[in-house]
Amino acid sequence: MAHPITPLSPPLKDELDIVIPTIRNLDFLEMWRPFLQPYHLIIVQDGDPTKVINVPDGFDYELYNRNDVNRVLGPKASCISFKDSACRCFGFLVSKKKYIFTIDDDCFVAKDPSGKEINALAQHIQNLLTPSTPLFFNTLYDPYREGADFVRGYPFSLREGVSTAISHGLWLNIPDYDAPTQLVKPRERNTRYVDAVMTIPKGTLFPMSGMNLAFDRELIGPAMYFGLMDYGQPFGRYDDMWAGWCAKVICDHLNLGVKTGLPYIWHSKASNPFVNLKKEYKGIYLQEEIIPFFQSIVFSKKCTTMVKVKLGYVSHYFQQLGDAMLTWIEAWVELNPPKEASAAAEPKSLKKEEPSPKST
């Protein structure tokens, strides 16, 4: 007698949360249903907390608005940006899973050149579960993908690779351009599908976009702080850039890997370049000072004021940001105590996160 076939559980189903920042109804999830429905969602509602956000039926989710952020973090809520997609890092903070996949609500399922829909999450998982090679570049890109390997001349002593902390995906249709490039190329669309994954070499920074991103929360989670951005701040649209620069130099320091390339998503909506320019122009200027700071950074166990000391002269904003980074770390430690201390008494200064009344 034939035994019934047990359906395969989706990979990392109980080890991964999907974090989505939003200000609108999440109808876009219908297209993602075949790939994302088995997983738990953490939705961070930005803007007006009284607005009702509709989530399609059948998804398992928690929904947090600004009132919830204030309830969970108390005075430490000041480290979470308001009216900006940087609020997504609150979802990173309250998650209890090992892995995070974060996606924007204007990103849809893309298709590969054969017309097959791309399961972006599955590719991110593959990227994270296979090693990276930041110490020596492989000219066939990711040697751990099917059909690839290390090329002749690649040192055998480095072929074990290192653990992958970040998987950075790309976009078809609307590229993630800055405002000046948007203005110069208003009709440009990315139609190139490059079937490649590569490790970003150690010592090399990159512009990290938060709209199609996955990471190992246990390895690099505290570094994924998207900063103070936009509302009440001197500039915007650099939240993910800041997190990426911080995370990359920390990955280099800890001998962890960062991959970029596949998977692609379909980025559907081009933001207004004039609005973007108003948000970005100070950041475009300041990044010329910020990048050398990251390129020359040297870590020490005692250093807790590096951003304030090294960048404070550039703008008073970095004094605020340095304080916010410390607050973020304090909140992370209190909401995510070391495993050996998890049985100890609850922290007194932070309320334990509770499911929002809008959770399902």
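Reply: Start with a term. Two strands count as paired if DSSP finds at least two bridges between them. Keep in mind that this is a predicted model.

The part I pick is strand E9, which covers residues 257-267. Is E9 mostly covered or mostly open? It is mostly covered: of its 11 residues, 10 are buried. Buried here means under 20% relative accessible area.

Now look at the partners of E9. Strand E5, residues 107-108, pairs with E9 in the antiparallel sense. Two bridges hold that pairing. Find Cys-107: its bridge partner in E9 is His-267. Strand E6, residues 164-173, runs parallel to E9, and nine bridges link the two. Here Ser-167 stands opposite Lys-259 of E9. Strand E7, residues 197-199, is antiparallel to E9 and joined to it by three bridges. In that pairing, Met-198 faces Thr-260 of E9.

Next, compare strand E4, residues 99-103. Five of its five residues are buried, so E4 is largely enclosed by the rest of the structure. Strand E1, residues 16-22, pairs with E4 in the parallel sense over four bridges. Strand E8, residues 212-216, is antiparallel to E4, with five bridges.

Now leave the strands for a pocket. The second largest pocket has a volume of about 790 Å³. It is lined by 28 residues. Nearest its centre are Ile-250, Phe-299, Cys-303, Met-325 and Ile-329. Helices H6, H7, H8, H9 and H10 each supply at least two lining residues. H7, residues 239-254, gives the largest share, with six.

Helix H8, one of those lining helices, also takes part in a surface feature. A nonpolar patch of about 390 Å² is made by Leu-183, Phe-274, Leu-277 and Tyr-281. H8, residues 273-295, gives the most to this patch, with three residues. Phe-274 sits in H8. Why is Phe-274 called exposed? Exposed means over 50% relative accessible area. Phe-274 has a relative accessible area of 61%, so it is exposed.

Definitions and conventions. Residues numbered from 1 in each chain as written. Predicted model: local features only at pLDDT ≥ 70, side-chain atom pairs only at ≥ 80, totals over all residues. Heavy atoms only, no water. Buried < 20%, exposed > 50% of the residue type's maximum accessible area, 1.4 Å probe, protein only. Patch = residues over 30% accessible without salt bridge, like charges linked within 9 Å, V, L, I, M, F, W, Y side chains within 5 Å. Areas by Shrake-Rupley, 256 points an atom, 1.4 Å probe, with all protein chains shown as cover. Salt bridge = Lys/Arg side-chain N within 4 Å of Asp/Glu carboxyl O. 1 Å grid on protein atoms, 1.4 Å probe; cavity = no way out; pocket = protein on both sides within 12 Å on 5 of 7 lines; lining within 4 Å. Points joined across faces, edges and corners; volume = space filled by probe spheres on them.
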